[in-house]
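Here is a short report on one protein chain. It takes the sheet, then a pair of helices, then a pocket.

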Amino acid sequence: MSVMEVFTYGNPEASAVLLQMVDDHDLLAIENEVSEIPKRTSADFLLLAVKVSNWNHDLSPWKAPAVFGAEDFGGGAEETLHEILKLTHDGRKAYYIGGYSLAGLFALWAAYRTDVFQGAAAASPSVWFPGFTDWMKQRNIQIDSAYLSLGDKEARTRNPVMCTVEDRLREVYAILNTQEISCTLEWNPGNHFRDADIRTAKAFAWILNQ
């Protein structure tokens, strides 16, 4: 990925640091997301919103053909993780990773790839991604807590891959429940494009409360 832009919100002195992969659309609502988190937790936090330049490339764990549109998934997650780990070197801090949609999938994947993070906040994660649940079954996650959510209408799509998202998320939840971590699965009203900022705020607040 290209040089990262990092936007900071919250208290720079907080012991809890939230890392979220974002794009331009996320940034339009990020201040509202940050304002919603304290409504659900008393924990102090610093949120680092890390802007990725190519969503489908930078956040996908391996190459895969396009599922919507014409852009394939480039498998750039490893490089992205390498870069964001540079933001986690303060041993006095507790780090959590999260995000929405493909960024939620990236958060779950990263929680398997490193033990730096204490929790993963995966709001409406793209767990329909080809081969992801099979990949999870062969590994142990390295976090203490994971939050999962989905809109109750997200599976109602004609896309033959994305319509599996509810089944895949239930499978993810079952897998994580065998791995001795604190995990929850929450259903939100609406489709994938409703209240992304609120859903992500709920996700981060839950793992901060663990």
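Two strands pair if DSSP finds at least two bridges between them. Strands (E, at least two residues) and helices (H or I, at least four) are DSSP runs, numbered from the N terminus. The model is predicted: local features need pLDDT of at least 70, side-chain atom pairs count only at pLDDT 80 or more, and totals for chains, interfaces and linings use all residues. Residues are numbered from 1 along each chain as its sequence is written, and side-chain values use heavy atoms, without hydrogens and water.

**The sheet.** Seven strands form an open sheet with mixed pairing, in the order E1-E3-E2-E6-E7-E8-E9. Strands E1 and E9 are its edges, each pairing on one side only. From one strand to the next, the twist averages 15 degrees. Angles run from 0 to 180 degrees between N-to-C directions, and axes are lines fitted to C-alpha atoms, for helices over the stretch in contact. E2 and E6 pair in the parallel sense over five bridges. Gln-20 stands opposite Gly-98 in E6.

| E1 | 5–10 |
| E9 | 182–188 |

**The helices.** H3 lies across E2, E3, E6 and E7, at about 145 degrees to E2. The axes of H3 (residues 77–84) and H4 (residues 102–113) come within 11 Å and cross at roughly 70 degrees. H3 is therefore roughly perpendicular to H4, a term for angles of 65 to 115 degrees. Contact means heavy atoms within 4.5 Å. On the H3 side it involves Ala-77, Glu-78, Thr-80, Leu-81 and Ile-84, and on the H4 side Phe-106, Trp-109, Ala-110 and Arg-113. These residues divide into six nonpolar, one polar and two charged.

**The pocket.** A pocket is an open set of points on a 1 Å grid where a 1.4 Å probe fits, with protein on both sides within 12 Å along at least five of seven lines; lining residues have an atom within 4 Å of a point. The largest pocket holds about 540 Å³ of space. Of its 24 lining residues, Tyr-100, Ser-101, Met-162, His-192 and Phe-193 are the closest to its centre. Helices H1 (24–36) and H2 (55–58) each supply at least two lining residues.

Definitions and conventions:
Grid points are joined across faces, edges and corners, and a volume is the space filled by probe spheres set on the points. Angles under 35 degrees count as roughly parallel, over 145 as roughly antiparallel, 65 to 115 as roughly perpendicular and the rest as oblique. Ala, Val, Leu, Ile, Met, Phe, Trp, Tyr, Cys and Pro count as nonpolar, Asp, Glu, Lys and Arg as charged, and the others, Gly among them, as polar.
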